[in-house]
Amino acid sequence: MRLTALAILLGAGLMAIATPAQAAWRSYISHPLGFSFAAPGELKVEKGTYRGPVAGAHDSVVYRFVDDDIEYKVVVIDMGDKANDAATLLGEAGYIFQDGKKVLMDTFGRVDRQFGRKLTIDLPNNAGRATAAFYFINGRIISLQATVLPANGDYDSPETARFVDSIAFFTVRAPDDAIELPAPPK
Amino acid sequence: MRRSISAALAGAAVVMMTAMPAQAAWKSYINRQLGFSFMAPGEVTTDVGNFRGAIAGPRQSIVYRSVEDNIEYKVTVMSFLQSQAEGATLLGERQYMFQDRKTVLADSFARVGTGKDAVYGRKIVVDLPDNKGRTTGAFYFTKGRLISLEATVLPAKGNLASSDPDRFIGSIAFVLSHTEPGAVELETPKLE
């Protein structure tokens, strides 16, 4: 009897070691950009460039996290000089995201009086599965993209939806302990 | 023998012409003031309509409409010149309302033009409730105007999979130099 109990305890201990440690989810907020979201892992801020035939070339800021072989990215593209083309610019961003890939979902995104799109795609060459949401607000495209990498393997992981659906444009909805996002590097 | 063959052919022609509904020719229509052109069959009439969305609020619209062979063709134009930067959400709301509580058969990217002149929108096909027919819609927001094209195949038509709605939807152009010569000029009614 004692031996069985010991074996069960040992087994449970081994399982805990085998399961990768998952980072806690934290809330982030940007008052200047007017949005909040939640993500796990360590935050890195990068600068990037977005290009589209209609949009042209535009600077972007990428807030990036990696946890348990899922990459989480919030991409902010400043389109202030072309804001009057908001609808087409948002359509183009969604189109570029899924172009040439296998689309598994393409539906409305609706958050805090903002309509956008949510898409899930399989990346080519078994490079993973990405779920993204696209919104255009205050002259910016805000895109959340979560990619389950092959090393994770659980392509139906609920974490991607949790990340994408955590976006809020009414910043009062952010938790009190939300961390203010740093400014992008110069 | 020859006489009976001729009679049979003539009879068949008469029966076919009587049984098949006469289909009107498709014509090109253009509105230079509002910046678009399209093609439709039948007689196009101009009306003023009303729209209300939670975000868009109450709006008057210009409606160009024709009915041919039990298919209703409609182009609706709403002006949002003061809120162009909200175009993405206004367009999203319009698309959402179009498909809300209906059976969505298709929902895909739509694009008019290419390169830097491209205008992105959506094309959505829905079955109407209570077997009232099938509507194909295309929705665009460009130059401060929300332009939607809707073609509804009515139950009397029978063939819900008719290709005419696609021909109508696909005929929209925003670069007017692409419009064929001789297009009928559409009037622009004044809104309050």
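Is B:V184 buried or exposed? B:V184 counts as exposed, because it has 12 C-beta neighbours inside 10 Å. The legends below take this residue in turn with other views of the model.

This is a predicted model, in which local features need pLDDT of at least 70, side-chain atom pairs count only at pLDDT 80 or more, and totals for chains, interfaces and linings use all residues. Residues are numbered from 1 along each chain as its sequence is written, while chains are lettered from A and ligands numbered from 1 in the order in which they are written.

View 1. B:V184 sits in strand 10 (residues 184-185) of chain B; strands here are DSSP E runs of at least two residues and helices are H or I runs of at least four, numbered from the N terminus. Leaving out residues up to four places away in sequence, B:V184 touches B:K27, B:S28 and B:Y29 (contact: C-beta atoms, placed from the backbone, within 7 Å).

**View 2. The side of chain B that touches chain A.** Here 21 residues of chain B are in contact with 19 residues of chain A. Helix 2 of chain B gives the largest share of this side, seven residues.

View 3. Where pLDDT is low, predicted coordinates should not be read in detail. For chain B, the mean pLDDT is 90.

Methods. Two residues are in contact if their C-beta atoms, placed from the backbone, lie within 7 Å. A residue is buried if 20 or more other C-beta atoms lie within 10 Å of its own, exposed if 12 or fewer, and partly exposed in between; C-beta atoms are placed from the backbone. pLDDT is the predictor's confidence in each residue, from 0 to 100.
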